[in-house]
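Have a look at the fold before reading on.

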Amino acid sequence: MTPPQAATAKSVTTATTKARRKSPNGLRKRAPFMDIWLIGTGDSIQIRPASIHGMLWLQTHFEDAHWDALATSQVRLPQLDAEVLSQDAKNAGMSLGHLSALSVPGRF
């Protein structure tokens, strides 16, 4: 019995390509993907997990009693604590997004 033929060089590539990032709905993403958003809200910073990795990482830094609040973006930290958390997240490889407080005029 003869061994199966190996794939020809024409069918194999060693080149790497960058895959375009797509959102779960299949549309091309226009903004970089983030694991955690830190949003300025006056004198505190709102923590908003944006990926399962971000949420899991946050769960390692907060007690079980706070996980529901984390999942619904209800956690706010003082500026200094948010900076420490941010640096720790960056060191762990998390992608962080920072936004200043947004304001909406009462009437147009």
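In what follows, helices are DSSP runs of at least four residues, strands are DSSP runs of at least two, and both are numbered from the N terminus. This is a predicted model. With those terms in hand, the chain has three helices and four strands, and along the sequence they come in the pattern β-β-α-α-β-α-β.

A few figures for the chain as a whole: of its 108 residues, 27% are buried. The chain exposes about 8,800 Å², with carbon and sulfur atoms supplying 56% of that area. Looking at contacts between residues at least 6 apart in sequence, 49% join residues at least 24 apart.

Now to helix H3, which covers residues 79–91. Its 13 residues reach 18 Å from first C-alpha to last, close to the 18 Å expected at 1.5 Å a residue. Which residues of H3 are buried? They are Ala82, Leu85, Ser86 and Ala89. Seen down the axis of H3, these buried residues fall within an arc of 105°, so they line one face of the helix. An α-helix has 3.6 residues a turn, so residues three or four places apart point the same way. The face turned away from the buried side carries exposed residues, namely Leu80, Val84 and Asn91.

What do the buried residues of H3 pack against? The partners are listed here:

| Element | Residues |
|---|---|
| strand E1 | 36–41 |
| strand E2 | 44–49 |
| helix H1 | 52–59 |
| strand E3 | 75–78 |
| strand E4 | 96–99 |

After H3 comes Gly93, which has a positive phi, near 95°.

Notes: Residues are numbered from 1 along each chain as its sequence is written. This is a predicted model: local features need pLDDT of at least 70, side-chain atom pairs count only at pLDDT 80 or more; totals for chains, interfaces and linings use all residues. Side-chain values use heavy atoms; hydrogens and water are left out. Buried means under 20% relative accessible area, exposed over 50%, partly exposed in between (1.4 Å probe, protein chains only). Contact means heavy atoms within 4.5 Å. Accessible areas come from the Shrake-Rupley method with a 1.4 Å probe; for residues, only the protein chains shown count as cover. The expected span of a helix is 1.5 Å times one less than its number of residues. The arc is that of the directions from the helix axis to the C-beta atoms.
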